[in-house]
Amino acid sequence: MLDGEKANAHLKELIGKTCLPNLFSTHPPFQIDGNFGGAAGFAEMLIQSQNEDIVLLPAIPSSWKSGSVHGLKARGNYKFNFNWSEGKIRDLVVNSDQTANISIKFKGNSKRFELKKGENRLSFD
């Protein structure tokens, strides 16, 4: 629910209490449900795509001051690669298999971009 601190607490609990040393989930009857659910939750902390908007870093905890994403997909078959540090998106690259207009949100600010087919270097500045 766009709450980075709570999402981080749940992620730590999943890994700390219900995962084996190889990171497989211990949940019966199918441990794969825990693995896929955990991975999906982690991805949703980094990028969300609903309706027309793509939101970057919608639920990261304050302890994640910097990091990077490589190859996460958003609805519309857009592949995202980016870094963040000091509260800013850096080196934003979106790969698209078609020409398109998209809306990207970050920290409440929305910006529209025209993508061409292939690699698109974008700036949120």
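Here is a short chat about the predicted model shown above.

Visitor: Hi! What am I looking at, an experimental structure or a predicted one?
Guide: Hello! This is a predicted model.

Visitor: Thanks. How many helices and strands are in the chain?
Guide: The chain has two helices and eight strands. Going along the sequence, the pattern reads α-α-β-β-β-β-β-β-β-β.

Visitor: What does the C-alpha trace span along its principal axes?
Guide: About 45 × 30 × 25 Å.

Visitor: And how much of the chain is buried?
Guide: The chain has 125 residues, and 34% of them count as buried. As for surface, the chain exposes about 8100 Å², with carbon and sulfur atoms supplying 53% of that area.

Visitor: What share of the contacts comes from residues 24 or more positions apart?
Guide: Taking the contacts with a separation of 6 or more, 33% are between residues 24 or more positions apart.

Visitor: Switching to charges: how many positive and negative ones are there, and how far apart are their mean positions?
Guide: There are 16 positive and 13 negative charges, and their mean positions lie 3 Å apart.

Visitor: Let's go to helix H1. Where is it, and what does it reach from its first C-alpha to its last?
Guide: H1 covers residues 4–18, which makes 15 residues. From first C-alpha to last it reaches 20 Å, close to the expected 21 Å.

Visitor: Which residues of H1 are buried?
Guide: Those are Gly 4, Asn 8, Leu 11 and Thr 18. They sit on the same side of H1, because the arc they cover around the axis is only 160°.

Visitor: Why would residues three or four places apart point the same way?
Guide: An α-helix has 3.6 residues a turn, so residues at that spacing point the same way.

Visitor: Nice. And which residues are exposed on the other side of H1?
Guide: There you'll find Lys 6, His 10, Gly 16 and Lys 17.

Visitor: What is Leu 11 in contact with, leaving aside neighbours within four places in sequence?
Guide: Leu 11 is in contact with Gly 38, Phe 42, Met 45 and Trp 64. Gly 41 is worth a look too: it is 30 residues from Leu 11 in sequence, and their C-alpha atoms are 7.9 Å apart.

Visitor: Now the other end of the numbering. Where is Phe 124, and is it buried or exposed?
Guide: Phe 124 sits in the segment after strand E8, which runs over 118–122. Phe 124 is buried, at 16% relative accessible area.

Visitor: Which residues does Phe 124 contact, again setting aside neighbours within four places?
Guide: Its contacts are Leu 92, Ile 104, Lys 105, Phe 106, Asn 109, Lys 111 and Phe 113.

Visitor: How far is Phe 124 from Leu 57?
Guide: They are 67 residues apart along the chain, with 13 Å between their C-alpha atoms.

Visitor: Last topic, backbone angles. What is phi of Glu 86?
Guide: Phi of Glu 86 is near 50°, a positive value in a residue other than glycine. Glu 86 lies in the loop between strand E4 (78–85) and strand E5 (88–96), and it is exposed, with a relative accessible area of 70%.

Visitor: And what about phi of Asp 91?
Guide: Asp 91 has a positive phi of about 50° although it is not a glycine. Asp 91 is found in strand E5 and counts as exposed at 51% relative accessibility.

Key
Residues numbered from 1 in each chain as written. Predicted model: local features only at pLDDT ≥ 70, side-chain atom pairs only at ≥ 80, totals over all residues. Heavy atoms only, no water. Helix = DSSP H or I, 4+ residues; strand = E, 2+ residues; numbered from the N terminus. Buried < 20%, exposed > 50% of the residue type's maximum accessible area, 1.4 Å probe, protein only. Contact = heavy atoms within 4.5 Å. Areas by Shrake-Rupley, 256 points an atom, 1.4 Å probe, with all protein chains shown as cover. Lys, Arg positive; Asp, Glu negative; His and termini not counted. Charge placed at Lys NZ, Arg CZ, Asp CG, Glu CD. Expected span 1.5 Å × (residues − 1). Arc of directions from axis to C-beta.
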